[in-house]
Amino acid sequence: MQVFTKRHQLESQVANWHKNNLKIGYVPTMGALHAGHASLVEQAIAQCDRVVVGIFVNPTQFNNQEDLEKYPRDIEGDVDFLKPFGESIIVFNPSAREVYGNHVKSMHFDFAGLEDKMEGKFRPGHFDGVGTVLKHLFEIVRPDKAFFGEKDFQQLQIVKKLVEIENLDIDIVPCPISRADDGLALSSRNKRLTEQERTEAPFIFKTLAEAKKLYPANAPTAIKQWVEQEFEKSKILQLEYIEIADEDTLETATSFEENHTYRAFIAVFAGDVRLIDNLRLN
Ligand code: AMP
């Protein structure tokens, strides 16, 4: 398995693949890899001839400096984790300078309102950072398909919009959420949970799953209120937001209508670790 850190290495490899008409799959990650990332890599290998796994902790998508500094990093562990994939993949682990040059700065995007709510509201500038880094990385990797987890569902919708507004010929492939046996969505941030926080954290998915049972008999506001009350019982977990939204537009649902798909979205703090999850209601 090759690990490239320079963009010119990857660009010449990609040019060669394109010349040979090979279909390129791309799995961008921020490292501290887990089975959720592996499931994306497996899908990419199944659907493409060559696969690039990106590992890059993107500074511009962090609105909080401390969160960026504390983000788990383990490039040696990640390379070992990916070794079983062998020659099926290439790892791209660039520095910020390789990706951004001398301007480690966000561009501004208009994602048609998808960026204003939930993660965008609570993490100002986050999706400008995501859009900027992916615009750069897509230019370097030039994939035919890129694989994104539904764990970050709002990000997935924004990436689809980015591809549309930038007129990129990239197929965005959504991948289901991988969970631990107790329901907790796998996340690099789970590594930062204390033992007690880790024990409590499955409450997030459990509450979403219970909320789903209230659909469609109860109105969206009633379901959200019920979730808020449930979280008042927890001494360890602090609810940041619960939202019920139309899956396509991410607009807040005020009532449930036919021919729409709805999803519950949640962000919760366990100590200073911020966890997100979501669940389709219908
Ligand atoms: P991250 O390294 O957290 O930025 O995630 C990189 C990619 O992996 C994103 O497309 C995430 O949505 C996806 N991902 C992260 N955790 C999971 C999970 N538990 N299940 C499925 N995909 C995931």
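Helices (H or I, at least four residues) and strands (E, at least two) are DSSP runs, numbered from the N terminus. The model is predicted: local features need pLDDT of at least 70, side-chain atom pairs count only at pLDDT 80 or more, and totals for chains, interfaces and linings use all residues. Residues are numbered from 1 along each chain as its sequence is written, and side-chain values use heavy atoms, with hydrogens and water left out.

T254 lies in the loop between β7 and β8. With a relative accessible area of 70%, T254 is exposed; buried means under 20% relative accessible area, exposed over 50%, and partly exposed in between (1.4 Å probe, protein chains only). Between T254 and G120 there are 134 residues of sequence separation, and their C-alpha atoms are 20 Å apart in space.

Three strands form an open sheet in the order β7-β8-β9, with antiparallel pairing. The edges are taken by β7 (237-246) and β9 (273-280), each of which has a single partner strand, so one side of each is left without a neighbour in the sheet. From one strand to the next, the twist averages 15°; angles run from 0 to 180 degrees between N-to-C directions, and axes are lines fitted to C-alpha atoms, for helices over the stretch in contact. Strands of a sheet pair through backbone hydrogen bonds, either parallel or antiparallel.

The pairing can be followed bridge by bridge, where two strands pair if DSSP finds at least two bridges between them. Nine bridges join β7 and β8 in the antiparallel sense, and L239 has V268 in β8 as its bridge partner. Strand β8 (residues 262-270) is joined to β9 by eight bridges, and these two strands also run antiparallel. Here A264 has L279 of β9 as its bridge partner, and R263 stands opposite R280 in β9. The hairpin of β8 and β9 has two residues between the strands, and in it G271 takes a positive phi near 60°. Of the nine residues of β8, eight are buried, so the strand is largely enclosed by the rest of the structure.

A helix accompanies this sheet. Helix α11 lies across β7 and β8, running at about 165° to β7.

The axes of α10 (residues 203-213) and α11 (residues 220-232) come within 10 Å and cross at roughly 150°. That angle makes α10 roughly antiparallel to α11; angles under 35 degrees count as roughly parallel, over 145 as roughly antiparallel, 65 to 115 as roughly perpendicular and the rest as oblique. The crossing of α10 past α11 is right-handed; a crossing is right-handed if the near helix is turned clockwise from the far one by less than a right angle, and left-handed if anticlockwise. On α10 the contact is made by F203, I204, T207, E210 and A211, and on α11 by I223, W226, V227, E230 and F231. By class, the contact of α10 with α11 has seven nonpolar, one polar and two charged residues; Ala, Val, Leu, Ile, Met, Phe, Trp, Tyr, Cys and Pro count as nonpolar, Asp, Glu, Lys and Arg as charged, and the others, Gly among them, as polar. In the loop between α10 and α11 is P216, which is joined to Y215 by a cis peptide bond with omega of about -5°.

The residues in contact are F127, V130, G131, L134, K135 and F138 of α7 and Q154, Q155, I158, V159, L162 and V163 of α8. In the contact of α7 with α8, eight residues are nonpolar, three polar and one charged.

Two loop residues remain to be described. R142 is found in the loop between α7 (126-141) and β5 (145-149), and has a positive phi of about 45° although it is not a glycine. At 41% relative accessibility, R142 counts as partly exposed. M118, in the loop between α5 (96-100) and α6 (119-122), is not a glycine but has a positive phi of about 45°. M118 counts as buried, at 4% relative accessibility.

How values were computed. Contact means heavy atoms within 4.5 Å.
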